[in-house]
Amino acid sequence: MGPEKDPAFETGVYGYDVEDGRGQRKMSRIGGPVPGTVTDSDTDSNLSVGKQVELEAGNAIKYRTCSWPKTAALLFSEYICLAIMSFPYSYSVLGLVPGLILTVVVAALVLYTSLIVWEFCLRHPEVRDVCDVGQMLFWGQKWAWYLTAIMFLLNNTFIQGLHVLTGAQYLNTMSNHGMCTVGFSAIMAIICFFCSLPRTFSTLAKIATASAFFTFVSVLLAAIFAGIEAHPAKYNSDPNAIIPLSGGLHAGPPVVLSIPAKGTKFVPGMNAFLNISYTFIGQITIPSFIAEMREPKDFPKALWAVTICEVLVFGIVGAVIYAYTGTNYNQAPAFGSLGNELFKKVAFSFMIPTLIFLGVLYASVSARFLFFRLFDGTRHKSSHTVVGWASWAGILAGTWVAAFIIAEVIPFFSALLSLMSSLFDSFFGFIFWGVAYLRMRQADFGPGYYHRRGIRGLAGFVFNIFIILIGLFFLSAGTYASVETILQDYELGNVKGVFSCASNGL
């Protein structure tokens, strides 16, 4: 006897629970399948995923092969990254207590919205990436797919560009500016291109494990070195002296603030908060990861493991380094706060795998999106063909060339990256998933469900409206703070030239 069909999908009538043979509630879809994806009319995610696995069983290249530990490795490599070293700076602006509280709160919000992403993907197992999600959330409109795709590709390419620049920063630091920075950036882009060539996340997960491990060693060493060295970088015992390039901060012993300093302005405070938030926000890749999981129902195991480690590592490392470098000697990334040159170079060196791999991960997600659209249903997608591999390599090369050019041509790239994050992460981090929750619950229980489900329905409705409002706050206040930072950089002369050879080392 075949699997029982979900009448909610077949008739479009929602508002009741359907129990399957194992006593689990079947979750209703919010609409029909995305055109051109692998699916059937059954809403049982196991069956649909099983059919996808069955269809590629004889293929040379299989995609649905990731276990939850491999997915956890991908998540670890995405989140346990160089951005950790901006937390001491954020704590120096926000104060240690508010900074730690915001770290936990943002982590909890991202965990919650990530679980919504997972639930959405379970209901719609044909989803291949966040662009499919965007189209489904907005009633199958093609404009929604194109708009999401533009934001998706720009976001990923800018992150690749960031890692081209941070790689050049590492090489400048190690070599004491032994070469033109543009040359270092080009070298980094070429290395990243070759590391991007594996075509499945299952293969990349092996590299991701090493990347996350070395990053953990790097930040642990930085925290230890900050504690054992005599003084932080630029230390001056005279409290009346002004620290160079510090914006007027006084020297003397490191100053550690439990709350923000009196007179802290909105823009630096908002930027410090955004630094914390952007490190956690990474839901844009989750649909792509789940689309290659053998058992998508296991995704929460990976998510919980990563979130717990994030909170512990981000909070402890950020607090310890801030405690020893203070507000007056803090730099971002915090490697620059280490006064001992050897300590700085050793700790920074362990970060090099992540400087390469995180850009590689986002390049792979973008290439996967484009490659699947070009070759879906052809043997080039699932077999080792010359056309398939040449196209895959060509797409990757295009993303890295674009990333290199953007990073070198835009004179205020770092500030522009913050602006792009405010514009895109507002949707990919919050707005999409608040809307997804509301649409899924309406599919399950019908219009006005928040009245019929009692306090649970009302609480869920209100909380997800709040999630959407958080996204709108990022979109408005975050964008304002980013634009103000760009203007201030111009006023202070901090804007570099196009294809500048000047050192960006620590």
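Residues are numbered from 1 along each chain as its sequence is written, and side-chain values use heavy atoms, with hydrogens and water left out.

How confident is the predictor? The mean pLDDT (confidence in each residue, from 0 to 100) of the chain is 87, and 91% of its residues reach 70 or more. Over residues 1–23, though, the pLDDT is below 50, and this stretch makes 48 contacts in the model beyond near neighbours in sequence (contact means heavy atoms within 4.5 Å). Residues 38–46 also have pLDDT below 50, with 29 such contacts. Where pLDDT is low, the predicted coordinates should not be read in detail.

Now for the helices (DSSP runs of H or I, at least four residues, numbered from the N terminus). Helix α7, residues 142–175, has 34 residues and spans 50 Å from first C-alpha to last, close to the expected 50 Å (1.5 Å times one less than its number of residues).

Rings of Phe, Tyr and Trp (its six-membered ring) pair if their centres lie within 6.5 Å; planes under 30 degrees apart count as stacked, over 60 as edge-to-face and the rest as tilted. Phe-87 and Tyr-91 are edge-to-face because their planes stand at 90 degrees, with the centres 6.0 Å apart. Both residues lie in helix α4 (residues 87–94), four residues apart, about one turn of the helix, and both are buried (under 20% relative accessible area, with exposed over 50% and partly exposed in between; 1.4 Å probe, protein chains only).

Tyr-235 and Tyr-329 make a tilted pair, 5.6 Å centre to centre with 40 degrees between the planes. This pair links distant parts of the chain, 94 residues apart: Tyr-235 is in the loop between α9 and α10, Tyr-329 in the loop between α12 and α13. Tyr-235 is partly exposed at 28% relative accessible area, whereas Tyr-329 is buried at 2%. Elsewhere, one aromatic cluster takes in Phe-138, Trp-139, Trp-143, Phe-427, Phe-428, Phe-432 and Trp-433.

Notes
This is a predicted model: local features need pLDDT of at least 70, side-chain atom pairs count only at pLDDT 80 or more; totals for chains, interfaces and linings use all residues. Helices (H or I, at least four residues) and strands (E, at least two) are DSSP runs, numbered from the N terminus. pLDDT is the predictor's confidence in each residue, from 0 to 100.
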